[in-house]
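Try each task yourself before you look at the solution.

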Amino acid sequence: MSLTRYFVFFAVVTGIAGLIHTYLWWRIVHAPAWPAPWQRVGAWAFIVLAASVPMSFVASRLLPKPIGLPFIWIGYVWMGLMFLLLVLTLLGEPVRIVDAVLSWVAPNIMSAERRQFLLRAVAGVTTVGAGGLAAFGVYSAIGKTRVHRVPVQVLRAPAALRGLKVAQITDIHIGPTLGRDFLEGIVERVNSVEPDVIAITGDLVDGSVAELGHAVRALEGLRAKQGVYFVTGNHEYYSGADEWIRFLGTLGVRVLRNERIALEHGGEGFDLVGIDDWSSRGFGGDHGANLPKALAGRDAARPSILLAHQPKAFPEAASLGIDLQISGHTHGGQIKPFNLLTKLDTPYVRGLYREGQSQIYVSPGTGYWGPPMRVGVPPEVTLLEFG
């Protein structure tokens with residue numbers, strides 16, 4: 001990420017975090033009127049935690065890993081907990097509104113003592129509830145990743161793909177809080193299903209080859225009958241895409257960049273197509289998604305599978321006759337109800353969708369980004385089984 005982009009991102013995150021922390025402090029600490037010592041403790045806690053959010057980004061970029069890692073973990077875990085606190089606090093607003101109305105129209109019913117008890121009860125339940133969800137979210141994110149089997153049937157020439165098994169991993173985000181041990185576990189899970197094809201659909205890393213090459217080298221252990229394939233995600237472009245493309249090639253991973261290759265299954269042929277990330281054109285060089293280039297001269301009678309990091313490529317893919325697009329990027333929202341906001345960016349958030357003769361599968365991701373949490377959206381190794 002360029003210095004200008006990083007500065008803008010840092011400024012936006014800091015501003016939003018400041019507003020959220022002010023609101024949470026008001027509702028959880030100030031309005032319930034906790035006893036004076038706890039008021040001060042709560043106020044300072046929110047000040048320190050608010051500072052931990054931008055500090056975690058600074059630490060991930062500027063500090064040596066052994067020094068920066070505690071700041072990163074504190075900041076990232078708090079980001080997830082902060083979001084859950086925000087959601088539950090907002091859900092408690094109707095209770096506070098009823099309380100305010102009753103204290104005005106019926107002060108004999110809602111006395112000052114009852115009002116204080118209610119506000120403290122809502123703040124307490126909100127805090128305990130958010131803490132419990134956060135603990136579950138961390139366990140879900142860093143625990144053993146499940147294999148999610150997805151039956152798929154293409155409408156054009158289905159016999160050519162019948163019995164084909166494609167394993168997809170995506171959005172792992174090897175970086176500050178995920179390393180080689182996690183990736184080795186994913187490799188073991190993928191190999192256990194004995195896939196014909198392995199597709200890595202971007203956002204593999206958050207960092208340079210110099211920083212993360214040793215961890216990513218675990219991909220050398222992947223085994224598939226017809227190969228391992230990769231397409232870039234937006235985070236590769238923040239991390240030095242050209243260098244990563246070259247490095248992955250040394251690990252036996254074929255990077256598809258606006259190109260297709262002919263594969264066979266059961267004596268029938270199909271095309272595997274891969275394009276650059278949807279947002280990569282702004283990064284210069286020869287980067288930029290170009291599906292027409294990848295499909296030029298193709299036999300339209302052959303079934304086709306497209307690897308594209310972002311679901312935004314699907315409308316064009318469907319118009320050009322792609323049978324199945326495999327994507328990630330959305331994380332399925334990662335922490336519900338963030339999936340509702342994700343849906344504002346794309347209608348394809350998680351799962352299998354059909355548009356006419358074409359389909360898209362959007363994985364919720366295999367790792368996580370930012371908060372090491374997944375609430376209501378478990379990570380997965382996807383196994384697409386063609387029937």
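Predicted model: local features only at pLDDT ≥ 70, side-chain atom pairs only at ≥ 80, totals over all residues.

**Exercise 1. Helices H2 and H3**

Task: Decide how H2 is oriented relative to H3, and describe their contact.

Solution: Step one is the geometry. The axes of helix H2 (residues 36-62) and helix H3 (residues 65-91) cross at roughly 125 degrees and come within 8 Å. Angles over 145 degrees would count as roughly antiparallel, and 65 to 115 as roughly perpendicular, so H2 is oblique to H3. Step two is the handedness: H2 and H3 make a left-handed crossing.

Step three is the contact. On the H2 side, the residues include Phe46, Leu49, Val53 and Phe57; on the H3 side, Phe71, Ile72, Tyr76 and Trp78 are among them. Sorted by class, the contact of H2 with H3 has 13 nonpolar residues, five polar and no charged.

**Exercise 2. Parallel or antiparallel?**

Task: Is H7 roughly parallel or roughly antiparallel to H9? Then ask how H4 and H5 are arranged.

Solution: Begin with helix H7 (residues 209-216) and helix H9 (residues 241-249), whose axes are 11 Å apart and which pack at an angle of about 25 degrees. An angle under 35 degrees counts as roughly parallel, so H7 is roughly parallel to H9. Their crossing is right-handed. Val209, Leu212, Gly213 and Val216 of H7 make the contact with Glu243, Trp244, Phe247 and Leu248 of H9. Here the classes are six nonpolar, one polar and one charged.

Turn to helix H4 (residues 93-105) and H5, with axes 11 Å apart and a packing angle of about 175 degrees. H4 and H5 are therefore roughly antiparallel to each other. H4 brings Val95, Arg96, Asp99, Ala100 and Ser103 to the contact, and H5 brings Arg115, Leu118, Leu119 and Val122. This contact of H4 with H5 has five nonpolar, one polar and three charged residues.

**Exercise 3. A pocket among helices**

Task: Which helix gives the most residues to the lining of the second largest pocket, and into which classes do the lining residues divide?

Solution: First, the size: the second largest pocket has a volume of about 260 Å³. Next, count the lining, which has 14 residues; Ile28, Val29, Gly42, Phe46 and Thr127 lie nearest the centre of the pocket. Then assign helices: Helix H1 (3-30), H2, H3 and helix H5 (112-142) each supply at least two lining residues. H2 gives the most, with five residues. Finally, sort by class: the lining has eleven nonpolar residues, three polar and no charged.

Key: Residues numbered from 1 in each chain as written. Heavy atoms only, no water. Axes fitted to C-alpha atoms, helices over the stretch in contact; angles between N-to-C directions. Helix = DSSP H or I, 4+ residues; strand = E, 2+ residues; numbered from the N terminus. Left-handed = near helix turned anticlockwise from the far one by under 90°. Contact = heavy atoms within 4.5 Å. Nonpolar A, V, L, I, M, F, W, Y, C, P; charged D, E, K, R; others polar. 1 Å grid on protein atoms, 1.4 Å probe; cavity = no way out; pocket = protein on both sides within 12 Å on 5 of 7 lines; lining within 4 Å. Points joined across faces, edges and corners; volume = space filled by probe spheres on them.
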